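I am opening my notebook on a new structure.

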Amino acid sequence: MPAPHHDVVVAGAGPAGLSAAAACAAAGLRTAVVAGSLSPWPATYCLWADELESAAPGLGLDPAAVAAAYSPTVVRTAAGGERRLTRRYARLRNDVVHAALLDRLQGSGGELVPGRVTGLRAEGGREVAVLADGRELAAGLVLDARGGGPGTAQQRAWGEVVAGPVEDLVPPGGALLMDWAALADPAAPPAFLYGLPLDDGTVLLEATSLAARPPVPLADLRARLTALLGAHGLRPAGGPERVAIPLDAPPRAGGAGTPVGAAAGLVHPATGYSVASSLRLGPRVAAALADGGAPAARGAVRAARPRTTAGLLGLGLEVLLPLDTAATDAFFAAFFTLPERTWAAYLDVGSSPAAVAAAMARTFTALPPAQRAHLLRTAARLGGTRAAAVLGRPRAAPRRPGRE
Ligand SMILES: Cc1cc2nc3c(=O)[nH]c(=O)nc-3n(C[C@H](O)[C@H](O)[C@H](O)COP(=O)(O)OP(=O)(O)OC[C@H]3O[C@@H](n4cnc5c(N)ncnc54)[C@H](O)[C@@H]3O)c2cc1C
């Protein structure tokens, strides 16, 4: 029996899958998305307001309706004090975004197929998604949006909602992007406090380990957050948020299907973020598929994450991982002294390698001499010819044979 034919089948309906499917359907492509769950996404998703504003029109979204925007965005470090960033931070209203993308998908004739994809295969110039119940969906292109694979390094966070406001921690109307001083403990792995007012007047506070290999146990982050809440006379007022994001999972490779979102390695190796990149990518894939077919769509996916940029950001992660609390604090104090466009480029997996290398070099230059030396020693331990070059050292020291 011939399998039904679509232009595109999307496996998975997280932010990457649903936005790509909605964009494809709206571009007039015969689209089906296989969704394991039909509920709005449970995680709290944030991105920069300008990223949402630039991605939203392509998805037919109204940025003011689908997200809460914050100002100021605050970073606190022991080394640099409080810095108020003018770049606004935003939190997606998942129920609104999810419903709007579903409407766009189904209103444009796209099909929502509840189920699980158990296999993908290429067959006679088309691709086929095999579902757990035995159904098969064939298409010119299958987008694999089933999420990222496991990694050895992870971002972890434990979050609690508290009755707001908590103005000594989170600025009114603003977002606390990172406070490296609030949870500082030289005997524990580096962790920062993250905080956002929610729509109901409560505030989400999270103890976050930015990046660690092996990952920091969630119980440790919970204990650190609980101690902080106790010190401020605060109590949890809702269910916890548990965050575990693999940071170094490679893109799914081999076999049929084109990965998008976390499956494509779009997760930023230092921040764990991928939602903005995925929202931006969906309409680009749709346009490429409509204009140039599957090869053009695969090209659009590759362009979302330039390989050299990914290599540099991966190196940046390796440099961050061994830093202790003081060095991490000093690193971010320096990083946020850079011009906004410089640090913003570092936080985007789609940036050019030159922009990322420039941010790395400028951060290095902005560090105090002791922290620069610390970073160089760390880079050298990594086998640092490349690292030293990126960090702006005129000439890398030759590696001695037999020394790692
Ligand atoms: C708690 C938490 C908070 C986060 N916060 C942020 C943030 O603020 N900003 C940010 O940018 N990133 C954040 N991230 C990281 C990252 O962006 C998310 O992991 C994001 O969900 C990745 O989107 P995705 O669509 O690629 O994959 P997922 O969201 O993992 O979506 C994959 C989807 O595919 C479905 N699926 C899986 N297997 C199958 C199958 N076999 N068949 C059919 N469907 C399948 C899953 O059910 C899921 O719906 C956070 C992650 C977590 C866990």
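I call a residue near a molecule if one of its heavy atoms lies within 4 Å of it. I note that this is a predicted model: local features need pLDDT of at least 70, side-chain atom pairs count only at pLDDT 80 or more, and totals for chains, interfaces and linings use all residues. I number residues from 1 along each chain as its sequence is written, and side-chain values use heavy atoms, with hydrogens and water left out.

**Entry 1: the ligand**

I looked up the shell around the ligand. Of its 27 residues, Y45, C46, V117, A262 and S274 come nearest. I sorted the shell into 14 nonpolar, nine polar and four charged residues. Here Ala, Val, Leu, Ile, Met, Phe, Trp, Tyr, Cys and Pro count as nonpolar, Asp, Glu, Lys and Arg as charged, and the others, Gly among them, as polar.

Next I looked up polar contacts, here pairs of N or O atoms within 3.5 Å. A backbone N or O atom of V117 lies 2.8 Å from a ligand nitrogen. A side-chain N or O atom of S274 is 2.7 Å from a ligand oxygen. How much of the ligand's accessible area does the protein cover? I found 81% of the 980 Å² that the ligand has on its own. Such areas come from the Shrake-Rupley method with a 1.4 Å probe.

Which element gives the most to the shell? I found β16, with four residues.

**Entry 2: the sheet**

I checked how strands are named: they are DSSP runs (E, at least two residues), as helices are (H or I, at least four), numbered from the N terminus. Two strands pair if DSSP finds at least two bridges between them.

I then read off an open sheet of seven strands, in the order β6-β5-β13-β14-β15-β12-β16, with mixed pairing. Its edge strands are β6 (81-85) and β16 (241-246), each pairing on one side only. Strand β5 (residues 73-77) runs antiparallel to β6, over five bridges. In this pair, T73 stands opposite L85.

Helix α5 (residues 218-231) packs on the sheet and touches β12, β14, β15 and β16. Contact means heavy atoms within 4.5 Å.

**Entry 3: two cis bonds**

I looked for cis peptide bonds. The bond from S71 to P72 is cis, with omega near 0°. P72 lies in the loop between β4 (67-70) and β5. The bond from R213 to P214 is also cis, with omega near 0°. I found P214 in the loop between β15 and α5.

Key:
Axes fitted to C-alpha atoms, helices over the stretch in contact; angles between N-to-C directions. Polar contact = N/O pair within 3.5 Å; in protein donor to acceptor, adjacent residues only side chain to side chain.
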